[in-house]
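Please keep the sequence and the model open while reading.

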Amino acid sequence: MNKTVVVGTAVVVIAAAAGGGTYVALHMPKRQFASNLVKMTKSNDNIANFRVTASGTGDDTGSASGTLKADAQNENNLAVHLKVNDKNTPEAMNIKMDKKHVYVSADLLTSSVKSYGSKGLTEATKSLDKYWLDASRSVSLQDTYSPIKTKEVRSDATSVTEWFKDLDSSKFKKVSNGYQVNLNKADMKNLMTKISKTKSGKELSKSEWKEAKSALDPVKNFKLKLIVGDKGKSFAIDFSGKENNRKERLTFKVNTKRDNNLKVKMPAKSLIKTETQLTALLQEKMLAYYSDQIDATVDEFNSSSSTSSLSDDILDA
């Protein structure tokens, strides 16, 4: 064979290999990111442990963590345990949901009272912890809590993953805990547009989405990292920016797993109270508590007065 042809062929092969290597280096993280993100959105994992932290330049650091459990046999039954730390003051709440209702455990009351440092009143409210409030029937809570439509959420999430396929491959990279994509402000606005067109996204009006996008405009040094773990078992968000000379940061992490024996039991009807009933129960407990406090104070005063009178008699003698 002609040496020139051999050399020429070798050069072409080497060039092709080099070019292919560059292609793989650029596109492999993107493919893996998309692949693992799809695995997460299509996953039937039913336990998710999550943590959210937010911080600024002042004392406004806060965090929330908890566990979401979806019934292995009936995914419409969900249970959420949420712990919120606002300025290092923890408050916990338990929420259960099915297709039609959202129930909030009354132990939120005990947690709230405890955060104010009233130990005695906390003891008084503990007997209310067993009750649940049907938030879907409560005027003040129905806008805060709403049933999660798991199939719709999964479908919407799968649809959103398609958006990442059109991003520049150079935005993706392999990191120690998975595959990361870096988004700028324009990317984020485009992603929000994509989300706004899903069934879940349409629950917000166009004007609300427009306002949300506009809220990003004053943010300087905008940085957003999304990291999906191997096999779609974890997902993380890391945002940082600066607004009004204040540094802001928000992080979110979620890890998922499967438990085929997990079952979420809804509250018994006998334990479900309306907001009015629960308020009346709380008022009753508080009145009883303060009545006991007053009685104790009166007894102490009488005891003190008797001792004082006795002392006076001794002095007179």
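K189 is partly exposed, with a relative accessible area of 24%. On this scale, buried means under 20% relative accessible area, exposed means over 50%, and partly exposed lies in between (1.4 Å probe, protein chains only). The model is predicted: local features need pLDDT of at least 70, side-chain atom pairs count only at pLDDT 80 or more, and totals for chains, interfaces and linings use all residues. Residues are numbered from 1 along each chain as its sequence is written, and side-chain values use heavy atoms, with hydrogens and water left out.

**Salt bridges**

K189 joins D217 in a salt bridge, with N and O at 2.4 Å. D217 sits in the loop between α6 (206-214) and β9 (220-228) and K189 in helix α5 (residues 185-196), so the pair ties together parts 28 residues apart in sequence. Helices (H or I, at least four residues) and strands (E, at least two) are DSSP runs, numbered from the N terminus. D217 is partly exposed, at 45% relative accessible area.

A salt bridge here is a side-chain nitrogen of Lys or Arg within 4 Å of a carboxyl oxygen of Asp or Glu. Side chains of opposite charge can pair when their charged atoms come close. The whole structure holds seven salt bridges. Among them are these:

| Pair | N to O distance |
|---|---|
| R154 and E75 | 3.8 Å |
| D217 and K189 | 2.4 Å |
| E248 and R246 | 3.3 Å |

Which parts of the chain does the pair of R154 and E75 link? R154 belongs to helix α4 (residues 150-164), while E75 lies in the loop between β2 (62-70) and β3 (78-86), 79 residues apart. R154 is partly exposed at 28% relative accessible area. E75 is also partly exposed, at 25%. R246 counts as partly exposed at 30%.

**Helix α5**

Back to the helix that carries K189. α5 has 12 residues and reaches 16 Å from its first C-alpha to its last. That is close to the 16 Å expected at 1.5 Å a residue; the expected span is 1.5 Å times one less than the number of residues. N184 caps the N-terminal end of α5, with a side-chain oxygen 3.1 Å from the backbone nitrogen of A186.

Which residues of α5 are buried? They are D187, M188, L191, M192 and S196. Their cover includes α4, β8 (178-183), α6 and β9.

**E243 and the paired strands**

E243 lies in strand β10 (residues 234-243). E243 is partly exposed, with a relative accessible area of 29%. Leaving aside neighbours within four places in sequence, E243 is in contact (heavy atoms within 4.5 Å) with P218 and V219. The C-alpha atoms of E243 and D217 are 9.6 Å apart, although 26 residues separate them along the chain.

β10 and β11 run antiparallel and are joined by 10 bridges. Two strands pair if DSSP finds at least two bridges between them. F235 has V254 in β11 as its bridge partner. The hairpin of β10 and β11 has two residues between the strands, and there N244 takes a positive phi near 55°.

β11 (residues 246-257) also pairs with strand β1 (residues 47-55), in the antiparallel sense, over nine bridges. S55 stands opposite R249 in β11.

Methods: Polar contact = N/O pair within 3.5 Å; in protein donor to acceptor, adjacent residues only side chain to side chain.
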